[in-house]
2 protein chains.
Amino acid sequence: MADAIRVLLVDDHQVVRRGLRTFLEVQDDIEVVGEAGDGASGVARAEELRPDVILMDVKMPGSDGVEALRRLGELGNPARVLIVTSFTEQRTVVPALRAGAAGYVHKDIDPDALAGAIRSVHAGHVLLQPEVAGALLAQEAAPAQGSRAGSLTEREREVLALIARGRSNREIARALVLSEKTVKTHVSNILMKLDLADRTQAALWAVRHGISD
Amino acid sequence: MADAIRVLLVDDHQVVRRGLRTFLEVQDDIEVVGEAGDGASGVARAEELRPDVILMDVKMPGSDGVEALRRLGELGNPARVLIVTSFTEQRTVVPALRAGAAGYVHKDIDPDALAGAIRSVHAGHVLLQPEVAGALLAQEAAPAQGSRAGSLTEREREVLALIARGRSNREIARALVLSEKTVKTHVSNILMKLDLADRTQAALWAVRHGISD
DNA sequence: GCGCGTCTGGTCCCCGGGTCCTAGGCCCAC
DNA sequence: GTGGGCCTAGGACCCGGGGACCAGACGCGC
């Protein structure tokens, strides 16, 4: 095929590389152009082969996936990187995406879905699987009693948003044209309503619940 | 086609609905089964037609997209919702995804990419466009000097991770089996190294940079 | 050996954060 | 009119957070 999507496989297990290769060989618009067994040689092969898409494991001996992603970014390599991981390691999702990953898929993905993912990524999308997106957004989720954001008044939400930007009471007072004492009152009420101990917990609560604007 | 993907369009501008419809009519595996002009009637039509995928605008008069998403979730409607937005409104991304959106695409997407997005979403993926994913991750990004997380020592990262969980110095001391004073020293060093004013800012910095575990 | 960085801890001190109590003005619902 | 929220704000009070300064123990590299 003339304009097949050129794919590079980077994974430390050749079993996995072989599996991916056989998955993709039946797709007539996807061509596996190379393989690498660790991050560093993955970067080298990417520079050499200039693939459209790189399928890469996160956990690899030596230079790992995130490190390789950063290198590719520094080199200006235009390849789109799709992270293929053995299980949902939520700790690694954010760093990987931040380092420039174009997507994150689970290793037990079925062949057609994987092909679809490669096409999506090649088309310029960023792609996550549900569990991964869930992990990214849930973080800790609501510990028990669910979101009581509704119980906050408008003014309290304003104050909370500023707390979530790291502002002090004095700064909040200036920003909202209030006395510092009034801000303290609002903060106290927020902490009471949300059952939190201090402004740091309030700030974290806010970012998790999207009050941070 | 026997198992075409059944799509419902929800947007307050019929021009947009018409555009999407013509985009999708040339795809032989996608069938537009209905339209709605606002969130509430979108939910009603979704219940009635049971589409596989719903293309929905976020900003609509009356019941908006996020509200509609929530309703669908409550009703247990299995439709996958792809948010189609006129521009990258980063404020709305997180709430929409949290409310159960399966994806977020830009209105100037080209027909084939839109079809691809629908197929991805229908296949169970969560899909974002680059700018959207960028907005989600960047948030405020590094104000200037880039991530100096590397300058933190291992111990400092441990302490920072606990700060990012809303723990007090005393709790951190107990958790790490240290004196409260030592924790304070670490906190001071963290604030100095990252050029932050207090633990609240440190907690926010940590979650943005993935130190929060 | 010596220097350097890290981890540990101490003392002194100040201030910002947070609580408790109180209270006036405002608007809305009954 | 009366009660009940919300926003505003004051005073008194306590304490945890953070800075300044100092220092010993340990490990690593020159």
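Q: Which residues are closest to DNA strand D, and how many surround it?
A: In this predicted model, 18 residues surround DNA strand D. The closest are A:Thr153, A:Arg155, A:Lys181, B:Ser188 and B:Arg199. A residue is counted if one of its heavy atoms lies within 4 Å of the strand. Of the atoms of DNA strand D that come within 4 Å of the protein, 62% are accounted for by sugar and phosphate.

Q: What makes the pair of A:Arg155 and DNA strand D a polar contact?
A: The cut-off for two N or O atoms is 3.5 Å. A side-chain N or O atom of A:Arg155 is 2.7 Å from a phosphate oxygen of DNA strand D, so the pair qualifies. B:Asn169 qualifies through a backbone N or O atom, 3.4 Å from a phosphate oxygen of DNA strand D.

Q: Which elements give two or more residues to the surface near DNA strand D?
A: They are α7 (154-163) and α9 (180-194) of chain A, together with α8 (169-176) and α9 (180-194) of chain B. By residue class, the surface near DNA strand D has two nonpolar, eight polar and eight charged residues.

Q: Why are α8(B) and α9(B) called roughly perpendicular?
A: Their axes cross at roughly 110° and come within 8 Å. Angles of 65 to 115 degrees count as roughly perpendicular, so the term applies to α8(B) and α9(B).

Q: Which residues make the contact of α8(B) with α9(B)?
A: From α8(B) they are B:Asn169, B:Arg170, B:Ile172 and B:Ala173. From α9(B) they are B:Glu180, B:Val183, B:Lys184 and B:Val187. The contact divides into four nonpolar residues, one polar and three charged.

Q: Why is the pair of A:Arg170 and A:Glu180 called a salt bridge?
A: The distance from N to O between the two side chains is 3.5 Å, and the limit is 4 Å, so the pair meets the criterion. A:Arg170 lies in helix α8 of chain A and A:Glu180 in helix α9 of chain A, so the pair ties together parts ten residues apart in sequence. Over all chains, a search of the whole structure finds 16 salt bridges.

Q: Which residues are closest to DNA strand C?
A: A:Ser188, A:Arg199, B:Thr153, B:Ser179 and B:Lys181 are the closest of the 19 residues that surround DNA strand C. Sugar or phosphate makes up 63% of the atoms of DNA strand C within 4 Å of the protein, and bases the rest.

Q: Which element supplies the largest share of the surface near DNA strand C?
A: It is α9(A), with five residues.

Terms used. Residues are numbered from 1 along each chain as its sequence is written. Chains are lettered from A and ligands numbered from 1 in the order in which they are written. This is a predicted model: local features need pLDDT of at least 70, side-chain atom pairs count only at pLDDT 80 or more; totals for chains, interfaces and linings use all residues. Side-chain values use heavy atoms; hydrogens and water are left out. A polar contact is a pair of N or O atoms within 3.5 Å; within protein, one must be able to donate a hydrogen and the other to accept it, and residues adjacent in sequence count only if both atoms are side-chain atoms. Helices (H or I, at least four residues) and strands (E, at least two) are DSSP runs, numbered from the N terminus. Ala, Val, Leu, Ile, Met, Phe, Trp, Tyr, Cys and Pro count as nonpolar, Asp, Glu, Lys and Arg as charged, and the others, Gly among them, as polar. Axes are lines fitted to C-alpha atoms, for helices over the stretch in contact, and angles run from 0 to 180 degrees between N-to-C directions. Angles under 35 degrees count as roughly parallel, over 145 as roughly antiparallel, 65 to 115 as roughly perpendicular and the rest as oblique. Contact means heavy atoms within 4.5 Å.
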